[in-house]
Every structure is written in C-alpha cells, then in structure tokens.
Amino acid sequence: MKLIIAIVQDDDAGDVLDVLTEGGFRVTKLATTGGFLKSGNTTLMIGVEEENVKKVLDMIEETCRVRQQVVTSPSPIAGSTGVYVPYPVEVEVGGATIFVVDVDQFIKI
Ligand code: 2BA
C-alpha cells in the first residue's frame, strides 16, 4: 500500500476531493500553510493500493491548476543602509506537490 500526500491550492481542493471520492478513493483533507508564501493550502492524504497510484496522480493532475502568486519580500534599498522596502516577486504555484510514501502497515481497528 502507498500513502499519497498531495499539497494543492485551496481553490482546487474541493474539486480534487469530489473527483477522488467519486472515483472510490478515501481521502483525508488537512488545512495547511506553505512555508514560503505563509498562506493557506490544502494537504490531502490518500491511502491506495500500488496499482491505483497512477490513476490518483492523473486525477490530481487533471484537476489542479498552475497559478501565479505575488509575494512581497523585504529587500534592502542599498547595501548596508538597513532600510528595507517591500519588493513584489511573482512565483508559480502548483498544480500540486506530491509525495508517494511506502506504507509498512495499514491498520483499521
Ligand atoms: P509555499 O512554501 O508557500 O510555496 C509557494 C510557492 O513559492 C512554491 O510553489 C514555489 O513556486 C515558490 N517557492 C517556494 N519556496 C521557494 C524558495 N525557497 N525560493 C523561491 N520560490 C519558492 P510550489 O512548488 O507549487 O509549492 C506549493 C506548496 O507546496 C508550498 O507552499 C509548500 O506548502 C508545499 N511544498 C512544496 N515543495 C515542498 C517540499 N519539498 N516539502 C514540503 N512541502 C512542499
């Protein structure tokens, strides 16, 4: 068995949940925060048999979009003046960041 951990954007989370549950997969949704943007995202945990990993990855890929987000990072005005101004940087987020992990044991009591 494999555990798929997928970090997706909040805007895609509802659709991914629908697609996966309608496809017969069991999903746990966690509200998480990205370390870089410090804004909310969604982490999904999906336990699947190995033969279904590709199917789940395809479903996630088809549902999650790539989006541009602007992060405002402080930047020094000049070398060592110690004065910082907000400097907008555009980053590309998503579709999804995915870890596929081997599961030693799956226990349901
Ligand atoms: P964040 O950490 O908020 O990152 C949002 C986006 O900012 C990233 O999109 C990436 O395009 C950019 N980014 C992140 N760290 C950066 C850095 N040090 N320098 C420049 N740009 C940077 P994604 O790659 O699509 O990642 C989306 C979210 O997935 C991340 O949100 C984080 O929550 C998670 N993530 C991505 N890679 C991860 C990893 N290796 N381990 C754990 N979580 C990860």
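Strand E1 (residues 2–8) pairs with E3 in the antiparallel sense, over seven bridges. This is a predicted model.

**The sheet**

E1 and E3 belong to an open sheet of four strands, in the order E2-E3-E1-E6. The pairing is antiparallel. Strand E2 (27–33) and strand E6 (96–102) form the edges, and each pairs on one side only. On average, neighbouring strands of this sheet are turned by 20° against each other, direction ignored. Strands of a sheet pair through backbone hydrogen bonds, either parallel or antiparallel.

**Thr42 in E3**

Strand E3 covers residues 40–48, and Thr42 sits in it. Thr42 is the bridge partner of Val8. Is Thr42 buried or exposed? Thr42 is buried: its relative accessible area is 3%, and the cut-off for buried is under 20%. The Thr42 side chain also makes a polar contact with the side chain of Asp10, at 2.7 Å. Leaving aside residues up to four places away in sequence, Thr42 touches Ala6, Ile7, Val8, Asp10, Ala13, Lys29, Leu30 and Thr32.

**The helices**

Helix H1 (residues 10–22) lies across E1, E2 and E3. H1 runs at about 20° to E3. Helix H2 (residues 53–63) packs on the sheet as well, where H2 touches E1, E3 and E6. The direction of H2 makes about 5° with that of E1.

Which residues of H2 are buried? They are Val53, Val56, Met59, Ile60 and Thr63. These residues lie on the same side of H2, because they cover an arc of only 130° around the axis. An α-helix has 3.6 residues a turn, so residues three or four places apart point the same way. The cover over the buried residues of H2 includes E1, H1, E3 and E6. On the other side of H2, Lys54, Glu61 and Glu62 are exposed.

**The ligand**

Ile7, Gly34, Gly35, Phe36, Leu37, Asn41, Val91, Glu92, Val93, Gly94, Thr97 and Phe99 surround the ligand. Ile7 is also among the residues that Thr42 touches.

Notes:
Residues are numbered from 1 along each chain as its sequence is written. This is a predicted model: local features need pLDDT of at least 70, side-chain atom pairs count only at pLDDT 80 or more; totals for chains, interfaces and linings use all residues. Side-chain values use heavy atoms; hydrogens and water are left out. Helices (H or I, at least four residues) and strands (E, at least two) are DSSP runs, numbered from the N terminus. Buried means under 20% relative accessible area, exposed over 50%, partly exposed in between (1.4 Å probe, protein chains only). A polar contact is a pair of N or O atoms within 3.5 Å; within protein, one must be able to donate a hydrogen and the other to accept it, and residues adjacent in sequence count only if both atoms are side-chain atoms. Contact means heavy atoms within 4.5 Å. Two strands pair if DSSP finds at least two bridges between them. Axes are lines fitted to C-alpha atoms, for helices over the stretch in contact, and angles run from 0 to 180 degrees between N-to-C directions. The arc is that of the directions from the helix axis to the C-beta atoms. A residue is near a molecule or strand if one of its heavy atoms lies within 4 Å of it.
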